[in-house]
Amino acid sequence: LHRPSSLLPLKEENLAAIMPAAPPPTLPEELVEEILFRIPPNEPAGLLRASLVCKSWSQAVSHRGFRRCLHDFHGAPPVLGFLHDWDDEDIPDFISATVSPFSLAVPDRWLWQAVDCRHGRALFLSDDPDAEELLVWEPITGSQQRVPVPVMSDIGRTTAAVFCTADGCDHCNCHGGPFCVVFVFSVDSEDPDDGEYDTAACVYSSETGAWGELTLMHGEFYMHFTYYSSVLVGDSLLYFVTDGGLILEYDMAMHGLTWFKAPYSCYSKGIPSYILMPAEDGGLGLVEELDPHLQLWSREMTDARWIPSRIINLGSLSLNGAQMGAVCPVHVLGFAEGVSVIVVTTAAGLFTVQIQSEEITRVCDDHGYGDLIPVVGFYTPMPRVAEAEA
């Protein structure tokens, strides 16, 4: 008798052909992280795609310590993009500056005006004059906290700044930690006969949930703050530029307000032609637009004189082939603290200029922007809701 072929013993190679393939070996968690934090930080879409591969990869890139790995491996964080308050529905709320397309769920700019961004937090002022309040928003985590303003003031006469207050923090991963908000405003003097004005500053602490006492400065003019965000020098000195080109200094340690002028050439054209920045020596500096180049200045700490430093010649570097100068003027729109990046716009488009390397990167077309507020940091995707609750 012959047995059917289906009942004959299977050879080893035939058995292997019909058995399901064994799953590939799982990569050790340490190796996965080594691979993931080598994704270029200026391509955040790459990390986002990696987080969608599986649950373990999502947990790896969203872990709090992963940002520390990115900082240790890459050094300075990238400029992710810019906040703005330009009234044009065709312009996205967030202007991406990364290599790959990237977006953030920015608070509605028709309701909130962006005024500052620092240490992983952005600060917005309500555009509703009847419910004036501040909004602190973490671009990476999406966390929001509303802070009522201590004093109601006319729109345009107020500005504000935000910064981390965690002891010993290097600000590469201080999301969710303590912070302070400085609110600055200018009002008419209580004495209507003296024709003068009061400028004041007040500090809010997230740890106490309360505003401190006002610091007042009496003067013969009021200050408007419309287009320029603040600069933090050291741990306690904040600087603001008024619409008229004056510089307001708030010393948080000494609780003092004072003002001074920029170099004459910076406001001789009728409107300020400069942006504040920390100087390379650690003090206060600024960058002035002088077509076709940028003039850097630093302020002496001893005698408060402005000293011109080096020049970045944009004409010699060629912006997208467009000749710089009177035909294609350069306008300085912002400065990214911590990474020494100047933001400029020309008819050729919007560009970033790295001060040390003088590397120029084109961001997008020019749309007639006003003040741009850079968002700096390492983007890491947040865990999906189901994973966060697991």
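Colleague: Which residues of helix 3 meet which residues of helix 4?

Modeller: In this predicted model, L47, A50 and S51 of helix 3 are the residues that meet W57, S58 and V61 of helix 4.

Colleague: What makes helix 3 oblique to helix 4?

Modeller: The axes of helix 3 (residues 44-51) and helix 4 (residues 55-62) come within 7 Å and cross at roughly 140 degrees. Angles over 145 degrees count as roughly antiparallel and those from 65 to 115 as roughly perpendicular, so helix 3 is oblique to helix 4.

Colleague: Turning to the rings, how many aromatic pairs does the structure hold, and what kind of pair do F94 and F102 form?

Modeller: The structure holds 10 aromatic pairs, and the one formed by F94 and F102 is edge-to-face, with 6.0 Å from centre to centre and 80 degrees between the planes. Both of these residues, F94 and F102, are buried.

Colleague: Why is the pair of Y239 and F260 called edge-to-face?

Modeller: The ring centres of Y239 and F260 are 6.2 Å apart and their planes stand at 70 degrees; a pair needs centres within 6.5 Å, and planes over 60 degrees apart count as edge-to-face, so this pair is edge-to-face.

Colleague: What makes this pair a tie between parts of the chain?

Modeller: Y239 belongs to strand 13 (residues 237-241) and F260 to strand 15 (residues 256-261), so the pair ties together parts that are 21 residues apart in sequence.

Colleague: How do you know whether Y239 and F260 are buried or exposed?

Modeller: Buried means under 20% relative accessible area; Y239 has 4% relative accessibility and therefore counts as buried, and F260, with a relative accessible area of 10%, is buried too.

Colleague: Which charged end sits over the ring of F260?

Modeller: That is the charged end of R299, which sits 3.5 Å from the centre of the F260 ring.

Colleague: Which residues have the most contacts inside the largest nonpolar core, and what does I342 touch?

Modeller: The largest nonpolar core has 31 residues, and those with the most contacts inside it are L276, L294 and I342. Its largest share, 4 residues, comes from strand 16 (residues 274-278). Leaving aside neighbours within four places in sequence, I342 is in contact with residues including V287, L294, L296, F335 and F351. Another core, of 17 residues, lies apart from the largest one, and V106, A114, A122 and V375 are among its members.

Key. Residues are numbered from 1 along each chain as its sequence is written. This is a predicted model: local features need pLDDT of at least 70, side-chain atom pairs count only at pLDDT 80 or more; totals for chains, interfaces and linings use all residues. Side-chain values use heavy atoms; hydrogens and water are left out. Rings of Phe, Tyr and Trp (its six-membered ring) pair if their centres lie within 6.5 Å; planes under 30 degrees apart count as stacked, over 60 as edge-to-face and the rest as tilted. Buried means under 20% relative accessible area, exposed over 50%, partly exposed in between (1.4 Å probe, protein chains only). Helices (H or I, at least four residues) and strands (E, at least two) are DSSP runs, numbered from the N terminus. A charge sits over a ring if NZ of Lys or CZ of Arg is within 6 Å of the ring centre and within 35 degrees of the ring normal. A nonpolar core is a set of buried Ala, Val, Leu, Ile, Met, Phe, Trp, Tyr and Cys residues joined through side-chain atoms within 4.5 Å. Contact means heavy atoms within 4.5 Å. Axes are lines fitted to C-alpha atoms, for helices over the stretch in contact, and angles run from 0 to 180 degrees between N-to-C directions. Angles under 35 degrees count as roughly parallel, over 145 as roughly antiparallel, 65 to 115 as roughly perpendicular and the rest as oblique.
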